[in-house]
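Hello,

Here is the structure we spoke about handing over. My notes on it follow below.

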Amino acid sequence: MRIILIGYGIVGQSLTQMLAQRKTELIKNYGFHPRIVAIADRRGATVNAKGLNLEKALTLKKQRGTVAASPEHGHPGMSALNVIENVDAETIVEVTPTNIKDGEPGLSHIKTALKTGKHVVTTNKGPLALALPALTELADYNEVYLRFSGTVGGGTPVLDTAKRCLIGDKILAIRGILNGTTNYILTQMDEERITFQQALKNAQKLGYAEADPSLDVDGIDTASKLVIMANWIMNKRVTLKNVNIQGIRNFTLEALNKAAKKNCTIKLIGSINQNLTVAPTEIPRQNPLCVRGVLNAVTFVSEFAGEQTIIGRGAGGMETASAILRDLLDIKQKLATKLTT
Ligand SMILES: NC(=O)c1ccc[n+]([C@@H]2O[C@H](COP(=O)([O-])OP(=O)(O)OC[C@H]3O[C@@H](n4cnc5c(N)ncnc54)[C@H](OP(=O)(O)O)[C@@H]3O)[C@@H](O)[C@H]2O)c1
């Protein structure tokens, strides 16, 4: 499979490291020969139709700050859109930063890839939260696959658990902790009895929260993941506009004290039933959703199998790259099945 990689930050670099490291097993165990034919970052691209040397690309990015500095294959200033339109490949991996305002640049990258007949794997929540129903239609129309396992739960197979492991059952409701940053803040407030501002500062010091933490603490990140799950798992055609969102910015120790009297704590819970809601919610301490620190946890309520909860780290470069690899293998297997039927 020829792959174009758009974005070469934490996740993009982790993916190339993983592909280089697991090359032999991928061929032996899955018959999978991924060939990265182009990588683009903000300063340009590197392109080689025969397949790039991934160790060299990683070193170049670390030493020179851009893959476009490659003496043999570099194209300084070449835009990602230009690469998607003009380089032959079966699949695009889109891992540019999440932008929840207009989805760009990821939205244009994904649309262009789908329109030019390329499968897309992405971990970028922005375009999906804003336009997932339209993107799914575009993928179907062009008879290509759009996959995004890494957008919810990082490497924890939240979407796969619902879609594959619970196949045949009917998922009636979903609720969960979908954002590690806010879970860390609430855990700190609960266990150390510190204020929201103090806990946020600790999270920023440890690199769990951005300098501008709005997307996390105002519940937008959780809401984006709800939108993705509602579309993909429950066939609801919704976008970010359909989610009622309350974050934790004004959250106080007083609310935690009240919950503690009932042997509960408070978590930022995203839930899907009749409506899509994000809100700080009381949770009994013995509930499986009551996970600490940066962990994520999601409970699926299904008609026949009852309740299942999946718990894991919701972010991390290698973790998220493992979700991309799962999606790439899924597409490869789907294409192979198509050929034999
Ligand atoms: N990191 C995680 O644990 C994690 C987990 C789940 C989902 N995600 C999502 O995965 C995506 C990637 O995350 P990340 O942590 O790898 O981000 P990152 O480290 O900030 O990397 C983003 C990459 O995108 C490139 N880029 C930005 N604008 C571009 C443009 N117009 N054209 C081409 N390349 C462009 C950047 O180029 P330069 O290198 O030149 O700046 C950089 O290489 C994000 O949407 C994020 O929300 C991340």
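**The ligand and its shell**

By class, the shell around the ligand consists of 9 nonpolar, 10 polar and 4 charged residues (Ala, Val, Leu, Ile, Met, Phe, Trp, Tyr, Cys and Pro count as nonpolar, Asp, Glu, Lys and Arg as charged, and the others, Gly among them, as polar). Please note that this is a predicted model, in which local features need pLDDT of at least 70 and side-chain atom pairs count only at pLDDT 80 or more, while totals for chains, interfaces and linings use all residues. Residues are numbered from 1 along each chain as its sequence is written, and side-chain values use heavy atoms, with hydrogens and water left out.

The ligand is surrounded by 23 residues (a residue is near a molecule if one of its heavy atoms lies within 4 Å of it). The closest are Arg 42, Lys 61, Thr 96, Thr 123 and Gly 316. Helix α1 (10-21) and strand β2 (35-41) each supply at least two residues of the shell; helices (H or I, at least four residues) and strands (E, at least two) are DSSP runs, numbered from the N terminus.

A polar side-chain atom of Arg 42 is 2.7 Å from a ligand oxygen. Of the 910 Å² of accessible area that the ligand has on its own, the protein covers 78% (Shrake-Rupley method, 1.4 Å probe).

Seven strands form an open sheet with mixed pairing, in the order β4-β3-β2-β1-β5-β6-β7. Its edge strands, β4 (74-76) and β7, each pair on one side only; two strands pair if DSSP finds at least two bridges between them. β1 and β5 are parallel, with 4 bridges, and Leu 5 has Val 93 in β5 as its bridge partner.

In helix α5 (residues 106-115), 7 of 10 residues are buried (under 20% relative accessible area, 1.4 Å probe, protein chains only). The buried residues include Leu 107, Ile 110 and Leu 114. They pack against elements including β1 (2-6), β5 (91-94) and α6 (125-141). Gly 117, which follows α5, has a positive phi near 75 degrees.

**Val 298**

Val 298 lies in β12 (residues 295-302) and counts as buried because its relative accessibility is 2%. Leaving out residues up to four places away in sequence, its contacts (heavy atoms within 4.5 Å) include Val 158, Ile 174, Leu 289 and Ile 310.

Regards

How values were computed:
Buried < 20%, exposed > 50% of the residue type's maximum accessible area, 1.4 Å probe, protein only. Polar contact = N/O pair within 3.5 Å; in protein donor to acceptor, adjacent residues only side chain to side chain.
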